[in-house]
Amino acid sequence: MKRALLALSSLVVIGAVPAPAVLHVDVSNVRGHSGTVHVDICTQAQFLKDCPRSADSPAVVGVTRVTLNGLPPGRYAAQVFYDENGNHKVDRALFGIPKEGVGFSNDAKIRFSPPKWEEAVFDYDGGSRVIKLRLRYFIGPDAPR
């Protein structure tokens with residue numbers, strides 16, 4: 001009887017282990033296999049600026065998964081770009097139009113300027129989670145006509 005209770009209590013303890021703090025960002029519409037897909041995870045104060053939490057993954061045509069570990073619970077927005085040439089920045093054309101694919105969490109729309117925080121924000125509880133977004137291109141294939 002004691003062994004059965006001990007075994008049962010160990011199962012309860014194992015079940016109580018919190019989920020790891022892992023955020024996966026599935027980025028679709030990656031149009032090449034060179035370079036990397038870069039993800040910044042930003043608080044409201046950091047949004048559209050340099051964000052201290054970021055990760056890269058080698059580009060995979062179609063969908064590239066970028067994983068961030070150890071992210072504390074909070075409200076964040078993801079800003080993403082496909083760094084085709086590996087220079088660690090979004091290359092821009094005339095008038096600042098991105099030459100490489102860019103995207104934001106919630107697939108927030110990019111019109112004549114980046115989206116607002118409220119359009120891209122998501123809540124993260126500190127567990128394991130997947131968010132998805134699609135890159136948009138303004139020059140070359142997939143560019144608006």
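A: First, a quick word on terms: a patch takes in residues with over 30% relative accessible area and no salt bridge, and nonpolar side chains are joined within 5 Å. Keep in mind that this is a predicted model.

With that in hand, the nonpolar surface patch here is made up of Leu-94, Phe-95, Ile-97 and Ile-139. Together they have about 450 Å² of accessible area. Take Phe-95 as one of them: you'll find Phe-95 in the loop between β5 and β6. Its relative accessible area is 77%, so Phe-95 counts as exposed, the cut-off for that being over 50%.

Now for the largest pocket, which holds about 690 Å³ of space. Its lining runs to 26 residues, and those nearest the centre are Arg-92, Pro-98, Val-102, Phe-104 and Pro-114. As for secondary structure, β2 (36-42), β5 (74-83) and β6 (102-104) are the elements that each give two or more residues to that lining. Sorted by class, the lining has 14 nonpolar residues, along with six polar and six charged ones.

One more stop while you have the model open: Arg-65, which sits in strand β4 (residues 62-69). With a relative accessible area of 41%, Arg-65 is partly exposed. Arg-65 also pairs up in space with Val-25: the two are 40 residues apart in sequence, yet their C-alpha atoms are 5.6 Å apart.

Definitions and conventions
Residues are numbered from 1 along each chain as its sequence is written. This is a predicted model: local features need pLDDT of at least 70, side-chain atom pairs count only at pLDDT 80 or more; totals for chains, interfaces and linings use all residues. Side-chain values use heavy atoms; hydrogens and water are left out. On a 1 Å grid over the protein atoms alone, a cavity is a set of points where a 1.4 Å probe fits but cannot get out, and a pocket is an open set with protein on both sides within 12 Å along at least five of seven lines; lining residues have an atom within 4 Å of a point. Grid points are joined across faces, edges and corners, and a volume is the space filled by probe spheres set on the points. Helices (H or I, at least four residues) and strands (E, at least two) are DSSP runs, numbered from the N terminus. Ala, Val, Leu, Ile, Met, Phe, Trp, Tyr, Cys and Pro count as nonpolar, Asp, Glu, Lys and Arg as charged, and the others, Gly among them, as polar. Patches are made of residues with over 30% relative accessible area and no salt bridge: like charges are joined within 9 Å, nonpolar side chains (Val, Leu, Ile, Met, Phe, Trp, Tyr) within 5 Å. Accessible areas come from the Shrake-Rupley method with a 1.4 Å probe; for residues, only the protein chains shown count as cover. A salt bridge is a side-chain nitrogen of Lys or Arg within 4 Å of a carboxyl oxygen of Asp or Glu. Buried means under 20% relative accessible area, exposed over 50%, partly exposed in between (1.4 Å probe, protein chains only).
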